[in-house]
Structure formats: structure tokens, C-alpha cells
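Subject: Structure handover and findings

Dear colleague,

Please find below the structure that I am handing over to you.

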Amino acid sequence: MVQFESKNHNTNSEIAESIRVKGTVQGVGFRPTVYRLAKANQLRGEVSNDGQGVLILVVGDRHAINNFIQQLEQEKPPLARITDIIRQKKADKPNFTDFTIVQSKNNQINTEIAPDAATCPACQAEIFDPYSRWYRYPFTNCTHCGPRLSIIKHLPYDRHRTSMADFAMCPQCEQDYETPANRRFHAQPTACHACGPRAWLERADGKPVNFAMFSMLDDVDAVATLIQRGFIIAIAGLGGFHLACDATNEETVTKLRKLKKRPDKPLALMAKNLEIIEEYCYVNSQEKELLQSPVAPIVLLKQRSSPPAPSIAPGNNYLGFMLPYTPLHHLILKRLSIPIVLTSGNLTGEPQCIHPEDAKEKLSDLADYFLFHNREIVNRVDDSVVRILPSVSLEDKPLEDKSLQILRRARGYAPTPIDLPVGFENIPPILAMGSQLKNTFCLLRDEQAILSQHIGDLENLAAWESYRHTLELYLGLLEYQTPNHTSNLAIAVDLHPEYLATKYGQELAEAHSLPIHYIQHHHAHIAACMVENGLPLDTSPILGIALDGLGYGEDGTFWGGEFLLADYRSYKRLGTFKPVAMLGGEKAIYQPWRNTYAHLLTAFVEKNIFLEYEHLDLFDFLKAKPIELLSQMAKKGINSPKASSCGRLFDAVAAAIGICRESCSYEGQSAIELEALAERWILNHSEEIAVYPFAVENEKVKGESDLLYLEPRPMWQELLADLQQGISQPAMAAKFHRGLAQGIALMVEKIQNNYPEAKINRVALTGGVFQNQILLLKVRDLLTQMGIKVLTHSRVPPNDGGLSLGQIAIAAGQLSVISYQ
């Protein structure tokens with residue numbers, strides 16, 4: 001307990017209050033701030049952490065208490081987030097003689113977990129100050145920065161409930177911890193060379209390290225020399241291992257790609273300062289602010305010149321850069337005037353390693369050296385990925401909507417709760433299990449959605465085990481891990497019966513006799529966009545356009561280009577992309593030529609297009625494939641499920657014009673490279689660009705009257721004509737993007753005309769395809785010109801990383817109907 005003497009006080013005009021503060025108020029220096037402000041206002045009482053947040057008991061002058069509350073809101077710590085302050089007068093005045101900080105209290109958990117935060121300027125200065133106790137200490141932190149989610153085991157957030165419990169504070173650190181004026185006052189992970197975690201270097205082959213060859217300082221500094229000499233280092237970081245190397249050394253980068261079996265997917269980069277980043281990329285003020293923020297995400301930046309090495313981001317116009325966000329990174333990069341690759345330390349398709357033993361087993365064939373540390377990583381946390389959309393569209397038209405787009409929500413953002421709109425009060429707890437790809441899960445509790453960090457694709461055993469482990473940690477942190485706590489919990493899952501997350505949700509529901517809600521994939525996408533744009537629970541239906549690769553439809557087919565009239569409780573399918581067979585099933589996702597052939601079969605069903613276009617290299621390529629067999633498979637419906645997928649349309653067009661024709665090595669590769677070509681053409685040709693036309697037609701589909709579908713046949717006719725004329729790839733890519741945007745706008749216009757009673761004046765743009773900047777901005781321009789308010793994502797990803805938030809919202813809407821009955 002911390003206690004100092006107070007000035008004399010007059011008790012005659014005093015009152016007593018209990019003040020409850022909710023939000024992100026633990027592990028961020030909130031209690032020291034309360035202490036400082038209470039003393040400044042000559043108040044007596046105490047402050048403590050508990051399961052609800054922070055509890056303040058205070059006695060003093062009424063005006064002084066009001067001033068104290070006002071100052072608390074204005075001067076809260078940098079990482080704090082106040083969601084509610086509840087004041088209650090107390091009839092009896094406790095006999096306090098001073099203001100104190102008391103031990104945390106254990107009760108029902110109902111507070112927020114703070115995200116990990118990048119190293120603050122004060123700590124940065126200390127690690128490079130030879131006269132500081134923290135000189136070159138790689139785990140320096142304070143109440144304004146450092147690990148939070150990555151080390152916590154249980155709430156309330158106290159040292160003994162984190163992985164720092166193994167490190168007893170030395171007398172000097174303990175004095176800092178107990179001194180209210182010190183910025184390490186109650187900083188739970190605080191430590192120094194004398195008492196805290198340590199880092200050390202090992203060779204991957206187990207041989208001794210000859211440190212004299214690499215550094216005269218320490219193991220961390222030796223890493224810089226190793227990187228300069230072309231070695232690959234596996235580094236234990238904040239939320240997992242990374243693989244690091246010299247980003248300017250093409251030979252080393254190529255070696256890393258080969259060893260990691262990651263031939264094409266862009267690699268993340270880190271540089272010690274903005275000046276180095278600006279050698280390679282354009283960086284605007286918003287992007288600088290993001291890079292230097294406590295979140296310190298990977299920011300996608302437009303390339304200014306050639307990348308550091310040719311194979312960093314092949315076929316891409318952007319580089320993903322971040323600044324150092326831990327003292328460890330700052331120390332490694334201190335001597336490096338080059339950017340480094342800092343990609344996740346994992347085998348392809350698996351989650352990044354977090355334990356030294358696991359890293360040795362899986363990364364020894366990839367890395368030459370390991371930099372380990374002995375502060376346990378409790379929660380795996382990937383780097384967040386974001387971008388700033390241009391302040392103007394590519395035609396120099398002003399954009400009014402928010403410009404931040406989160407592509408992967410993880411370190412620095414998660415698990416900050418998302419406040420739900422009006423109407424979500426008094427909804428019982430809900431657990432949403434998320435999707436199969438880019439998985440996150442989500443918990444609804446007390447009008448807030450707690451969205452997990454990015455988990456990844458649940459396609460192999462390691463990823464699946466990581467999902468279950470992370471889910472159990474969250475349920476444990478928030479005290480939902482036992483049947484007693486889950487008795488009023490509802491489960492929300494995707495409609496797809498084969499998603500592992502869906503099956504696990506079913507197991508939980510059955511084991512604990514919990515209600516389960518099956519949520520259609522694209523409806524969830526739209527609901528997530530509605531939530532983050534603040535639409536109330538009882539909002540009238542809006543039109544949602546959800547474009548992605550695949551999602552399970554209520555009719556048992558695969559959807560992926562959907563126009564749904566939706567609210568939080570239900571939806572009506574009004575339009576879709578024309579369904580086309582996925583020849584070979586899942587193979588079509590990674591072999592784009594299959595989608596090209598399927599689209600050509602569908603568009604030219606009555607014509608032998610091989611005769612008309614036989615001289616094109618596209619058809620020479622297709623003739624070498626088993627197209628007769630594929631045609632029969634499509635005709636008989638054998639391993640050729642139909643899908644109304646916008647993502648597969650992008651694959652088909654890309655392959656047709658010669659991009660990733662044979663295969664893709666990562667999800668979305670062909671679409672990303674197609675967009676990159678289109679962007680270059682649009683930026684270099686200010687004149688009006690011709691478009692490939694799409695039609696909108698009617699069709700009766702399985703009992704759905706007047707379902708509109710986007711017909712790509714006219715687009716294919718003109719694209720093949722352009723191939724005959726030898727039109728360049730960038731020009732064709734630009735014509736496709738512009739044409740598709742106009743086709744989507746035409747579909748919205750047709751829906752408005754067909755359903756005037758719906759009064760459609762709001763449209764949500766969602767789904768992974770809307771990560772495509774050209775398509776997003778052009779569709780937004782066209783719809784805005786039609787007088788429509790366009791809703792987009794800025795707080796959760798438009799891809800499946802935001803899906804669990806939508807599942808939560810729809811289940812809540814359905815539960816609210818039940819509660820009224």
C-alpha cells in the first residue's frame with residue numbers, strides 16, 4: 001500500500017463518493033494518475049483494480065471531487081480508454097486520513113484487457129543513455145508502453161497474473177514501482193538488467209557462438225552484425241518469433257523465401273526510422289502518425305522507387321513497413337542504416353512460434369541463429385496490417401469517408417472492445433466462433449464486442465490448436481471457462497457445416513446445453529460493417545454488397561458476390577454474381593486458369609470459341625490442359641460446385657490476360673497483381689479509360705423470384721477482342737476494374753427500381769474483395785453520385801477477420817426478438 005500524509009481538512013462540508021471507472025484502465029498507469037489527481041485536489045480515500053475496472057472511494061469537498069473527475073477524463077494516461085464513469089454518493093463517510101493505492105480486489109471479471117503498446121519515447125531514450133539503469137536493456141517498459149495482452153494470464157492485471165511473475169523485482173525496480181511520481185509506478189512488467197528477463201544468442205546448429213566476431217557489446221547487438229553479413233535470424237519478439245534478414249540482400253531474401261516455401265507473398269519490413277522508409281516509399285502525415293503510434297502496425301505504403309530487393313514484394317505497388325516497437329528491435333536496428341525483413345517465424349500455413357522449443361524444432365532449417373529470451377509469451381499476437389486510403393480517388397475526387405482500412409487486426413488493436421450501437425443493451429453474453437480463414441472469434445459482454453487478435457487460417461493442426469488455446473485463454477481471462485459462467489451464453493457460428501470453428505461451436509453448445517445461432521457468411525460481413533458504422537439494433541434494412549472468395553449460402557451452394565437487403569435479424573437476397581462452376585473444386589482457388597475456362601464455358605455455351613480464338617496463347621495454354629474432362633465434369637456436376645464468387649472472377653480475368661495463369665502461391669495473389677497493373681495504368685493515363693461492360697439480368701433461382709445477377713458475358717467478349725488486338729495487360733486490368741465498378745453500380749440501380757418500397761439509400765461495402773482499393777473507391781464514387789450513403793470498414797477488416805463481429809451482431813438481433821416474445 002502506498003500512503004502519504006494529507007493536509008489538514010475540514011470535514012463539515014465534505015461528501016463521500018464511490019466512483020467506478022470502466023474501460024481500458026488496468027495496466028496503463030491509471031491508478032497512479034488517480035492518485036496524483038486526488039492528492040492535487042486534497043482528497044482522501046483509496047483506489048484499486050478489480051474485475052470491473054478501477055474502483056475509487058473518495059472523501060472531500062464536492063467541488064474538489066467534481067474537478068477531480070473532470071481532470072481524470074482530460075488527463076488520463078496515453079493508453080487508457082474510459083468508457084464509463086459511475087458516481088454514487090455514500091451516506092457514511094469512511095474514516096480516511098489520506099489517499100492510497102490498495103491491493104487489487106477479486107470479483108467478477110468485467111474489465112478490459114489492454115493491447116500491447118510500442119516503446120514510448122522516454123523508454124527509447126533510456127535504452128540508449130549510457131548513464132541509465134536501462135541502457136541497452138531489451139525489456140525496458142513503463143506504464144505508457146510495453147507488453148500487456150501478450151503476457152497476461154488472468155485479470156485483474158497484476159504482475160503475479162502475468163508471465164513476469166517469475167521475475168522478482170530488485171530493490172531499485174521495487175522502489176520505482178512504489179513511487180507515485182515515477183512513470184513506472186505500478187507498471188506490472190517493469191524490470192532491469194539486475195532482475196528481469198534476458199536475451200541470448202544461439203546458433204541453429206547447436207555449435208558455440210563466437211561473440212568476439214560479432215559484437216563487443218551484447219547478444220542483441222551481435223544480431224545487427226549477423227544481419228549485415230547475410231545471415232537469417234529467428235528473433236523471439238513481443239507476441240511471437242520473427243525471421244529477420246537484410247532486406248537489401250537479394251540472395252538472402254531469395255534464400256529465406258525458398259526455405260520458408262513462400263515464393264511470392266510480400267514480406268514485411270522494419271526500418272529504424274522514417275528517413276529510411278522514405279527512401280523507398282511515399283509516406284503522408286497520417287501514415288507517419290500510424291507508424292509512430294503506440295499501435296505501430298505494418299503500414300502498406302506506395303513504393304517511391306524499386307524495393308530494397310526485387311523479391312520483397314513481387315507484382316505489388318506497395319511495401320509493408322513498420323518501425324521498431326520494442327526495445328529489442330530498437331537495439332538491433334541502432335547500427336543498421338538498411339531496412340530488414342521481419343516476417344512471421346513459422347512454417348508456411350502455420351501460426352508463428354511462441355515457445356523456444358517449438359521454434360528450435362520448426363525454424364532450425366530456416367534460420368542460422370536464434371535470439372531467445374526467457375519472458376514467456378502467453379498469448380500469440382501477430383503484427384497488425386493497415387493502410388490509409390487516398391484522400392482523393394484516382395480521378396482526384398475528394399473522399400469524405402474515413403481513410404483508415406485495417407487488413408489484419410492484431411497487436412496494438414486487439415483486444416480493445418468495440419462499443420456496440422444503441423439497442424444492444426441487456427443482450428446476454430454471446431460467443432461467435434468466426435470463419436475458417438483469417439479467423440478471429442468474438443465475445444459480446446455488456447454492450448461491448450471483444451474481438452480477438454488475428455488467429456489465421458484453420459487449415460492445419462497447428463493453427464487449429466492455436467485457435468483453441470487462444471479461445472480458452474480469453475474465456476479464462478473473462479471467466480467464461482466453466483459451465484457456471486456459460487449457463488446464459490449463446491453460441492454463433494458460420495452456416496458452413498465443415499468449418500472447424502462451426503464444428504467446435506456445435507460441440508460447446510451440445511456440451512453445455514447452450515443455444516446456437518447459424519449465421520450466413522455474407523450477412524455477417526454486412527452486419528459487421530453496420531456495427532462499426534453505428535447503426536442501431538432496430539435500424540431499417542440497408543443494402544449490403546458482400547464480395548469475397550467463397551461463403552456458404554442458405555441454398556447449400558457457394559456464394560461470393562452478394563447483394564443482400566439486410567438488418568441485424570434477417571436478410572433477403574436481391575442480386576448476385578452469375579454462378580460459375582469451380583472446376584476441380586478447391587483446386588480452382590490456386591489454379592486460376594480453371595476459373596478462366598469455366599467462365600468461358602458459361603459465357604459462350606453455344607459457341608466453339610477455340611475456333612475463333614485458336615491463335616491466342618491463352619487457348620494454346622488451355623489446349624494443353626484436360627479441358628475435355630473438365631467440360632464433362634462441369635456438365636455432369638462432378639467436383640464442380642457452382643459459385644457466385646467475385647474472387648474467382650478476378651482469378652479468371654487475371655489468368656486470361658496472363659497473370660498467375662498456371663497457379664497462385666497465396667490467397668488473392670492474382671487479384672493483387674491484377675490491381676497493381678490497373679493502378680499503374682490509371683495513374684499514368686488521366687484521360688477517360690474505356691471499360692469492359694457487364695449486364696444485369698433476371699433469373700428465377702430455386703424459388704427466388706426476380707433474382708438479379710451480374711452477367712459477365714459482354715466483358716468476356718471485349719476482353720477476348722482486346723487479346724486479339726494485343727492490348728497491354730495494364731490497360732485490360734484497368735478496363736476490368738472500371739467495368740466491374742460500373743456493373744456493381746448498375747446492379748444497385750436495378751435493385752432500387754425493382755424494390756422501391758425498400759427505399760434503399762444506404763449501402764455497405766464489405767468482404768475481402770473490397771480490400772481492392774481501385775474497386776472500393778470507384779464503387780464508392782459511383783454510389784455517392786447516385787445519392788447513396790456508403791458505409792465502409794475502418795475498425796475491423798472487411799475480410800473474414802471481421803466476420804465474428806457480424807456473427808455477434810446477428811445473434812444479438814435474433815436474441816432481442818426472443819426476449820420481446
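The notes below begin with the whole protein and then turn to individual residues.

This is a predicted model, in which local features need pLDDT of at least 70 and side-chain atom pairs count only at pLDDT 80 or more, while totals for chains, interfaces and linings use all residues. Residues are numbered from 1 along each chain as its sequence is written, and side-chain values use heavy atoms, with hydrogens and water left out.

Overall fold

The protein contains 25 helices and 31 strands; these are DSSP runs numbered from the N terminus, helices being H or I with at least four residues and strands E with at least two. For 821 residues, a compact globule would have a radius of gyration near 28 Å, and the value of 28 Å for the protein agrees with this. That radius is taken over C-alpha atoms, and the globule rule is 2.2 Å times the number of residues to the power 0.38. The C-alpha trace spans about 95 × 75 × 55 Å along its principal axes.

Of the 821 residues, 62% count as buried (buried is under 20% relative accessible area, exposed over 50%, partly exposed in between, with a 1.4 Å probe and protein chains only). Contact means heavy atoms within 4.5 Å. Among contacts between residues at least 6 apart in sequence, 74% join residues at least 24 apart.

Aromatic pairs

A pair of aromatic rings is described by the distance of the centres and the angle of the planes. Rings of Phe, Tyr and Trp (its six-membered ring) pair if their centres lie within 6.5 Å; planes under 30 degrees apart count as stacked, over 60 as edge-to-face and the rest as tilted. The structure holds 23 aromatic pairs. One of them is the edge-to-face pair of Phe214 and Tyr369, at 6.0 Å centre to centre and with 80° between the planes. Phe214 is in the loop between strand E7 (199–203) and helix H5 (219–228) and Tyr369 is in strand E14 (residues 369–373), so this pair ties together parts 155 residues apart in sequence. Both Phe214 and Tyr369 are buried.

Tyr467 and Tyr504 also form an edge-to-face pair, with 6.5 Å centre to centre and 70° between the planes. Because Tyr467 lies in helix H11 (residues 461–477) and Tyr504 in helix H13 (residues 500–512), the pair ties together parts that are 37 residues apart in sequence. Tyr467 is buried at a relative accessible area of 0%, and Tyr504 is buried at 7%. Together with Phe441, Trp464 and Tyr474, these two tyrosines form one aromatic cluster.

Individual residues

Thr596 is placed in helix H16 (residues 592–603). With a relative accessible area of 1%, Thr596 is buried. Beyond its neighbours within four places in sequence, Thr596 is in contact with Leu618, Asp651, Ala652, Ala655, Ala656 and Trp716.

Ala359 belongs to helix H10 (residues 356–363) and counts as buried at 0% relative accessibility. Not counting residues up to four places away in sequence, Ala359 touches Phe241, Cys353, Ser364 and Phe370. Its C-alpha is 19 Å from that of His329, which is 30 residues away in sequence.

Ala690, in the loop between helix H21 (669–684) and strand E28 (695–701), is partly exposed, with a relative accessible area of 46%.

With kind regards
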